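Let's take a friendly walk through this structure together. Have the view open, and we will go step by step.

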Number of protein chains: 2
Amino acid sequence: MNASLLSGAHWPGLIEHYREFLPVSDRTPIVTLREGNTPLIELAAVGERLGRGIRVWAKFDGLNPTGSFKDRGMTMAVSKAKEARAEAVLCASTGNTSAAAAAYAARAGLRAFVLIPEGYVALGKLAQAVIYGAEVIAIRGNFDQALAIVRAVAERYPINLVNSVNPYRLQGQKTAAFEICDQLGTAPHWLCIPVGNAGNIAAYWMGFSEYAERGRIRERPRLQGFEASGAAALVGGSVQPVARPETVATAIRIGNPASGSLAIAAAQQSGGAIRAVSDPEILAAYQLLAREEGIFCEPASAAAVAGLLKFGHEAASGSQVVCVLTGNGLKDPDCALRVSTLEVSPGLDPEVSAVARAMGF
Amino acid sequence: MNASLLSGAHWPGLIEHYREFLPVSDRTPIVTLREGNTPLIELAAVGERLGRGIRVWAKFDGLNPTGSFKDRGMTMAVSKAKEARAEAVLCASTGNTSAAAAAYAARAGLRAFVLIPEGYVALGKLAQAVIYGAEVIAIRGNFDQALAIVRAVAERYPINLVNSVNPYRLQGQKTAAFEICDQLGTAPHWLCIPVGNAGNIAAYWMGFSEYAERGRIRERPRLQGFEASGAAALVGGSVQPVARPETVATAIRIGNPASGSLAIAAAQQSGGAIRAVSDPEILAAYQLLAREEGIFCEPASAAAVAGLLKFGHEAASGSQVVCVLTGNGLKDPDCALRVSTLEVSPGLDPEVSAVARAMGF
């Protein structure tokens with residue numbers, strides 16, 4: 001075949017593409033679904049609302065293979081699990097983490113276990129992990145007990161813990177910062193990002209800092225993190241756990257963020273902040289993104305845009321702003337059905353004029 | 001900023017990337033969600049089953065912005081609608097087409113209408129289009145009447161029809177063939193693809209043929225199209241409509257394919273064929289993809305892999321085969337729940353040894 005005329009420009013997945021920045025070696029078997037390389041999409045309608053020449057883009061990480069940014073960390077965590085000759089991976093998460101863990105474990109030929117507190121979790125949320133073959137185990141006890149057990153199991157058996165305590169996950173996640181700089185041709189002035197367990201904002205800071213150290217960017221962005229107001233454990237500038245977190249944005253419904261201190265430090269060092277947006281603000285941004293930008297994301301992702309709309313007056317004129325959309329809207333169809341009333345015009349006569357009239361023509 | 005050190009290698013969307021192959025001009029306002037550039041993922045477990053050195057990849061087009069390959073055609077159709085100063089777009093589809101139409105119309109600032117036969121359609125399938133702001137109109141009548149009306153409306157009013165009769169859609173869809181050649185560095189020997197309305201297989205043939213004409217590839221692949229056996233209108237070598245198509249693969253549950261003749265001609269010219277796979281074969285491939293490859297696609301997409309597993313013995317040793325996965329599994333969570341029984345081990349005591357035992361350690 002005439003290969004020389006073609007680029008063969010196959011995106012190899014984020015580990016191969018950013019290998020020099022990652023703790024892998026020739027002995028690491030790379031487990032990849034060609035994650036990363038997600039699109040940067042300009043948000044013209046959001047930019048217009050802000051005015052003053054501010055331009056805004058979405059980094060749509062919901063277009064990763066399992067539908068969330070978790071794939072970035074999981075390609076690292078599962079590759080390292082395989083390198084360490086683990087026989088299985090284990091997590092105590094029920095949302096996007098368990099789906100990503102199950103998919104990469106399936107690809108690696110490892111078993112994947114998800115530990116949940118009995119009766120605690122809406123099982124529907126686990127459906128995606130289960131289709132990838134995850135095995136679900138319930139314990140009598142609460143979520144903290146589940147976390148303690150997965151840690152202890154991972155210490156004693158050839159099983160790798162892929163919860164957020166796994167250090168390789170942030171290593172993989174930091175590559176999203178690299179991609180944004182590579183795609184934009186520069187670092188943005190602001191990075192707006194949802195904050196739940198708070199690891200991702202810390203990972204972005206690591207990524208921007210490494211690019212700055214290597215001289216690939218001159219300045220790092222201000223990190224503007226946004227929690228849901230019903231789960232705002234970090235907005236006071238220290239970790240103040242919320243006993244009963246409540247928000248429509250389930251992916252950031254976390255009362256005691258595992259990486260809270262890291263996240264606060266990152267935001268402060270960058271000259272940014274972690275602040276809260278309300279559920280109505282989140283849902284307004286969620287609908288704006290769908291109805292004016294054509295982007296359907298998870299409610300939690302919309303927190304980044306909600307925060308920008310709320311605090312964007314603080315950004316300098318002409319700023320370049322990137323909002324991180326962490327998950328795919330298809331992950332949470334219930335929310336879509338709740339916010340949009342499906343009003344079907346009642347059955348019209350099958351006549352052109354009647355239909356045109358119903359359409360306002 | 002230090003832009004010179006960065007690539008700024010922003011994927012611009014498929015129209016800009018393949019502009020020389022597409023009917024657009026400087027006057028065409030490009031409406032894009034940075035669609036295309038979807039990953040090519042090796043399917044090692046499928047390859048192993050075939051043996052004889054055959055290598056298999058998935059072109060996972062379910063990672064397009066609205067979750068299906070329809071985005072490729074819709075960026076073209078809506079850009080041309082905007083160029084023609086249409087005020088709205090219109091379709092009589094209820095699945096992936098209506099979602100893509102609504103998203104691109106939202107981005108273009110056009111209204112999007114979806115016409116359905118009253119009482120005919122499961123409204124849940126329309127949820128994605130509605131979140132993007134589509135307006136749904138029901139008529140008394142059947143699907144054929146709905147199709148007739150949308151054609152007549154589009155003729156008389158400043159409204160563009162974006163159903164499969166819109167010729168720009170296949171133009172956009174053909175770029176997937178370009179991408180596969182660019183990513184693989186050559187054309188594959190076989191292309192396996194689901195066949196429903198039959199436009200996509202014809203679009204791929206157009207794409208491979210244009211690349212061959214320009215000398216970018218030397219040989220075109222054999223096209224192996226797969227219908228569901230309950231909706232197999234083309235397997236006899238002519239269009240033989242199926243009155244009541246039935247299959248679990250809803251995206252290809254089409255009894256009278258609009259592009260049937262084109263599809264048959266394309267398959268025959270290529271030295272391939274259009275054949276049928278059963279629902280059990282489709283679901284087995286669907287589960288294999290999830291549980292062994294870590295890829296969650298729509299059931300219809302799995303028809304491509306089911307067909308390869310069924311007829312792959314006909315491929316030459318050492319062949320390179322690409323399977324087109326047209327849609328994201330998150331589009332059809334009901335199917336995932338049906339095939340995978342979620343068996344949660346009953347609540348264990350919160351003790352490490354009990355949990356380890358339950359895991360088989």
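How many salt bridges does the rule find across the interface of chain B and chain A? Keep in mind as you look that this is a predicted model. Across that interface, the rule finds 4 salt bridges. You can pick out one of them by selecting Glu293(A) and Arg107(B): they form a salt bridge in which the closest N and O atoms are 3.3 Å apart. Polar contacts link the chains too, with a count of 20 residue pairs between chain B and chain A, both residues being at pLDDT 80 or more. As for the classes of residue, the side of chain B that touches chain A has 58 nonpolar, 21 polar and 19 charged residues.

Now step back to the contact as a whole. Chain B brings 98 residues to the contact, and chain A brings 97 residues. Between the two chains an area of about 8400 Å² is buried, and carbon and sulfur atoms give 65% of that area.

Finally, how do the two copies relate to each other? The same surface serves both copies, as 99% of the contact residues of chain B recur in chain A.

Definitions and conventions: Residues are numbered from 1 along each chain as its sequence is written. Chains are lettered from A and ligands numbered from 1 in the order in which they are written. This is a predicted model: local features need pLDDT of at least 70, side-chain atom pairs count only at pLDDT 80 or more; totals for chains, interfaces and linings use all residues. Side-chain values use heavy atoms; hydrogens and water are left out. Contact means heavy atoms within 4.5 Å. Buried area is the accessible area (1.4 Å probe) that two parts lose on being put together, summed over both. A salt bridge is a side-chain nitrogen of Lys or Arg within 4 Å of a carboxyl oxygen of Asp or Glu. A polar contact is a pair of N or O atoms within 3.5 Å; within protein, one must be able to donate a hydrogen and the other to accept it, and residues adjacent in sequence count only if both atoms are side-chain atoms. Ala, Val, Leu, Ile, Met, Phe, Trp, Tyr, Cys and Pro count as nonpolar, Asp, Glu, Lys and Arg as charged, and the others, Gly among them, as polar.
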